[in-house]
Amino acid sequence: MEGVSVRKIKKICVFCGANSGKDVAFVNAAFHLGEVLGKRKIDLVYGGGKLGLMGCVSTAVAQHERQVLGIIPSVFTVNNLVGETCGKEIKVATMQERLVMMMELSDAFIALPGGFGTLEELFQMISWAQLNIHNKPIGVLNINGFFNGLLSFVDHAVKQEFITPRARKILISATTADELVDKLQAFRFEPDPALSKLKWSPSSSQKEKLDLTLRL
């Protein structure tokens, strides 16, 4: 990436399924992503537990002796519902608290294949970037075309003028882990001139107000 400024990324938050999916390629890609993060000396933040792709990526990062942090709602730890977190674990009260902490503790975000929860986390981070709450890069690892439909929908929303071309640049995609991490490191945030004027208070009371607003 000669001539391109490289963003320093120490921790990446990975959103992904608590299931393994139908295609073994998803499991292989999750393990490989963990290996890539480990070899690049990047630590992992994730949703905790050891189920599905979440367990694959966290195990691979830990095997490469990088730090793994699982942020998990306390309700999921009852009766060992999601299995033991691979690394340090922080318990939180709500899903929203979990996502806010993930945002604060990570330098970038990657989504692997997953279901509604993965998509919620992905689009929450995108909308927060659009609102100038953070300026961290966000990408999807498009394994075997899993995200093709989603990316087509986003491009359709741009054509229909519900998403601006500037905002569309927030969502990065790649088909390999190395390519995606390279793109995240090269990402240059371009805030919307109007939304960049928003000033979000770091106080807890303001965060609670923000959470309510973003649910509407």
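Colleague: A volume here is the space filled by probe spheres set on the grid points. With that understood, how much space lies in the largest pocket?

Modeller: This is a predicted model, and its largest pocket holds about 300 Å³ of space.

Colleague: Which residues lie nearest the centre of that pocket?

Modeller: Cys16, Ala18, Met54, Phe76 and Arg98 lie nearest the centre, out of 22 residues that line the largest pocket.

Colleague: And which elements give two or more residues to the lining?

Modeller: Those elements are β1 (11-15), α3 (95-105) and α4 (116-130). The largest share comes from α4, which gives 4 residues to the lining of the largest pocket.

Colleague: How do the lining residues divide into nonpolar, polar and charged?

Modeller: The lining of the largest pocket has 12 nonpolar, 7 polar and 3 charged residues.

Colleague: Let us turn to salt bridges. How many does the structure hold?

Modeller: There are 7 salt bridges in the structure. One of them pairs Arg168 with Asp155, with the closest N and O atoms 2.7 Å apart.

Colleague: Is Arg168 buried or exposed?

Modeller: Arg168 is buried, because its relative accessible area is 19% and the buried class covers values under 20%. Asp155 has 33% relative accessibility and therefore counts as partly exposed.

Colleague: What does Lys169 pair with?

Modeller: Lys169 forms a salt bridge with Glu190, where the closest N and O atoms are 3.6 Å apart. Lys169 sits in the loop between α6 and β7 (171-174), and Glu190 in the loop between α7 (177-186) and α8 (204-215), so the pair ties together parts that are 21 residues apart in sequence. Glu190 counts as partly exposed, at 37% relative accessibility.

Colleague: Which helix holds Lys183 and Glu179?

Modeller: Both residues lie in helix α7, 4 residues apart, which is about one turn of the helix. Separately, salt bridges that share partners join Arg40, Asp178 and Asp182 into one network.

Colleague: Why does Thr85 count as buried?

Modeller: Its relative accessibility is 8%, and buried means under 20%.

Colleague: What does the side chain of Thr85 meet?

Modeller: A polar atom of the Thr85 side chain lies 2.9 Å from the backbone nitrogen of Gly49. The side chains of Thr85 and Glu89 are joined by a polar contact of 2.5 Å. Leaving aside residues up to four places away in sequence, Thr85 touches Tyr46, Gly48, Gly49 and Gly70.

Colleague: Finally, where does Ser106 lie, and is Ser106 buried or exposed?

Modeller: Ser106 is found in the loop between α3 and β5 (108-111). At 1% relative accessibility, Ser106 counts as buried.

Colleague: Which backbone oxygen does the side chain of Ser106 reach?

Modeller: The Ser106 side chain reaches the backbone oxygen of Met102 at 2.8 Å. Residues up to four places away in sequence aside, Ser106 touches Lys11, Cys13, Val45 and Lys136.

How values were computed
Residues are numbered from 1 along each chain as its sequence is written. This is a predicted model: local features need pLDDT of at least 70, side-chain atom pairs count only at pLDDT 80 or more; totals for chains, interfaces and linings use all residues. Side-chain values use heavy atoms; hydrogens and water are left out. Buried means under 20% relative accessible area, exposed over 50%, partly exposed in between (1.4 Å probe, protein chains only). A polar contact is a pair of N or O atoms within 3.5 Å; within protein, one must be able to donate a hydrogen and the other to accept it, and residues adjacent in sequence count only if both atoms are side-chain atoms. Contact means heavy atoms within 4.5 Å. A salt bridge is a side-chain nitrogen of Lys or Arg within 4 Å of a carboxyl oxygen of Asp or Glu. On a 1 Å grid over the protein atoms alone, a cavity is a set of points where a 1.4 Å probe fits but cannot get out, and a pocket is an open set with protein on both sides within 12 Å along at least five of seven lines; lining residues have an atom within 4 Å of a point. Ala, Val, Leu, Ile, Met, Phe, Trp, Tyr, Cys and Pro count as nonpolar, Asp, Glu, Lys and Arg as charged, and the others, Gly among them, as polar.
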